[in-house]
Amino acid sequence: MGSFTLATVPVATEDPLYRLMREYREDSHEKKIDLGIGAYRDEDGKPWVLPVVKRAEDLLRENPQSNHEYLPIRGLDTFLSAAQRLMLGIESKAICDNRVCSFQTVSGTGAVHLGATFISRFHSGNVQPTVFISDPTWPNHHQIFTQTGFVVEKYPYYSATSKGLNVEDMLQCLRTAPRGSTVILQGCAHNPTGIDPSQEEWKRITEVVREREHFPFFDCAYQGFASGDLEQDAWACRYFIEQGFECCIAQSFAKNLGLYGERVGAFHFICAPGSDASELAERIGSQLAIMQRAEISNPPAYGAQIASAVLNDNELFSQWQSELKIMSGRLTGIRQEIKSQLEVRGTPGNWGFLSTQVGMFSYTGLSRRQILELKEKWHIYMTENGRISVAGLNPGNLQYFIDAVDDVLRALP
Ligand code: PMP
């Protein structure tokens, strides 16, 4: 008998998002719409390879020095230093003080995972570490932190009544959380709600995090998608760092450079200012190197080379900034369009939230029955929590979507 049997290996449930994508692929209806996956689509519903990425790829191809060698364990140096500057700012004191330790990772997911592994191994105290994640959040946070040995708790985030941020309950929960908990904060364009704290609210969050000595862990998968401006979208992370917190950041280039499948990301650990800060950053780096070596040995090179080319060249960088504005501008336009069309129709509900939410997603507040009906009757696919990826809508399918939502909301109030 083998070591592994049907009795010892239970069936795990399929990842709900990937199941949804499979169901969409298998649906042969001509008007089907995919609002599940968080990936940008152009006006024709097609993936958009950013023209700046094509230019960077041409440069790589034409460069006689290009090769397919392994990268160092930490990743590509030119990519990492530019990624740091992009997130922390070119005048970052933390970078000047040498107290930032950065690793190239397998996109944002790999960065969250590397951070979780490090914290679970090295957090002080011999109790199991506790992490607080927003309710709701990107579902993979649950899996990553459970698998790396955390007690996973939720803090309130979304208010179903106001369809906005439930900041009072969020702060109250963080106030009563065990001292020194890890708190996951999405830097901008919150997934799935599209609701970000205002600067005033971020300041209040900082106060509670400081009071309870929590460890802020920023997950920044959408820099540039909230406002269209890379600097503005990094405000919250930078504010925490300026306030002298130690923290870490998971950074992804999947969305803002459209490099989804190339898996380009970075993990940054920022030590608090102090006389031993740069020595500590170096030590943390030495431990991360062991973990990275055991997990992936060294990160994938191609996507990082593309990102590095864009980030380190002034002309390509400004082209990228304009292309980011095209993407975020299209999403804002679509939100506005859905809102006004539903209002004109008199579709039951208050649709103001559509234009205040930001980024790739909109959290519709539709019920499970309504979501199921949209899938079964209208072949429109969205996640079970009522999140839609706004990028899946375009002038070619918007009317069909509006007809469907109007029909379902009247039939199943
Ligand atoms: N964090 C959040 C909040 C996300 O929404 C995503 C992408 N869905 C990620 C991290 C990681 O994405 P990736 O691994 O593709 O960079």
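Hi everyone, and thanks for having me. Please keep in mind that what you see is a predicted model.

Let's begin with the ligand. Its shell is made up of 13 residues, and the closest are S107, T109, N191, D219 and S252. Helix α5 supplies 3 residues, the largest share of the shell around the ligand.

D219 has a side-chain N or O atom 2.6 Å from a nitrogen atom of the ligand. Y222 places a polar side-chain atom 2.7 Å from a ligand oxygen. How much of the ligand's accessible area does the protein cover? On its own the ligand has 400 Å² of accessible area, and the protein covers 91% of that.

S107, which is found in helix α5, has a positive phi of about 55°, although it is not a glycine. P192 itself is in the loop between β7 (182-186) and α8. There is another cis bond to look at, from D135 to P136, with omega near 5°. That proline, P136, lies in the loop between β3 (130-135) and α6 (140-147).

Next, the open space. The second largest pocket has a volume of about 620 Å³. It is lined by 25 residues, and the ones closest to its centre are H123, S124, G180, F215 and E246. Which elements give two or more residues to this lining? They are α5, α8 (199-211), β8 (215-220) and α11 (277-295). Here is α5 again: with 3 residues, α5 gives the largest share of this pocket's lining. By type, the lining divides into 13 nonpolar, 8 polar and 4 charged residues.

The largest cavity has a volume of about 60 Å³. Its lining consists of I338, L342, W351, L354, T364, L366, I388, F401 and V405. Helices α13 (314-345) and α16 (398-411) are the elements that each give two or more residues to that lining. Of the lining residues, 8 are nonpolar, 1 is polar and none is charged.

Last topic: aromatic rings. The count comes to 20 aromatic pairs. One of them is W202 with F240, an edge-to-face pair with 6.2 Å from centre to centre and 90° between the planes. Why does this pair tie together separate parts of the chain? W202 sits in helix α8 and F240 in helix α10 (residues 235-242), so the pair links parts that are 38 residues apart in sequence.

Notes. Residues numbered from 1 in each chain as written. Predicted model: local features only at pLDDT ≥ 70, side-chain atom pairs only at ≥ 80, totals over all residues. Heavy atoms only, no water. Near = heavy atom within 4 Å. Polar contact = N/O pair within 3.5 Å; in protein donor to acceptor, adjacent residues only side chain to side chain. Areas by Shrake-Rupley, 256 points an atom, 1.4 Å probe, with all protein chains shown as cover. Helix = DSSP H or I, 4+ residues; strand = E, 2+ residues; numbered from the N terminus. 1 Å grid on protein atoms, 1.4 Å probe; cavity = no way out; pocket = protein on both sides within 12 Å on 5 of 7 lines; lining within 4 Å. Points joined across faces, edges and corners; volume = space filled by probe spheres on them. Nonpolar A, V, L, I, M, F, W, Y, C, P; charged D, E, K, R; others polar. Phe/Tyr/Trp six-rings, centres within 6.5 Å; stacked < 30°, edge-to-face > 60°.
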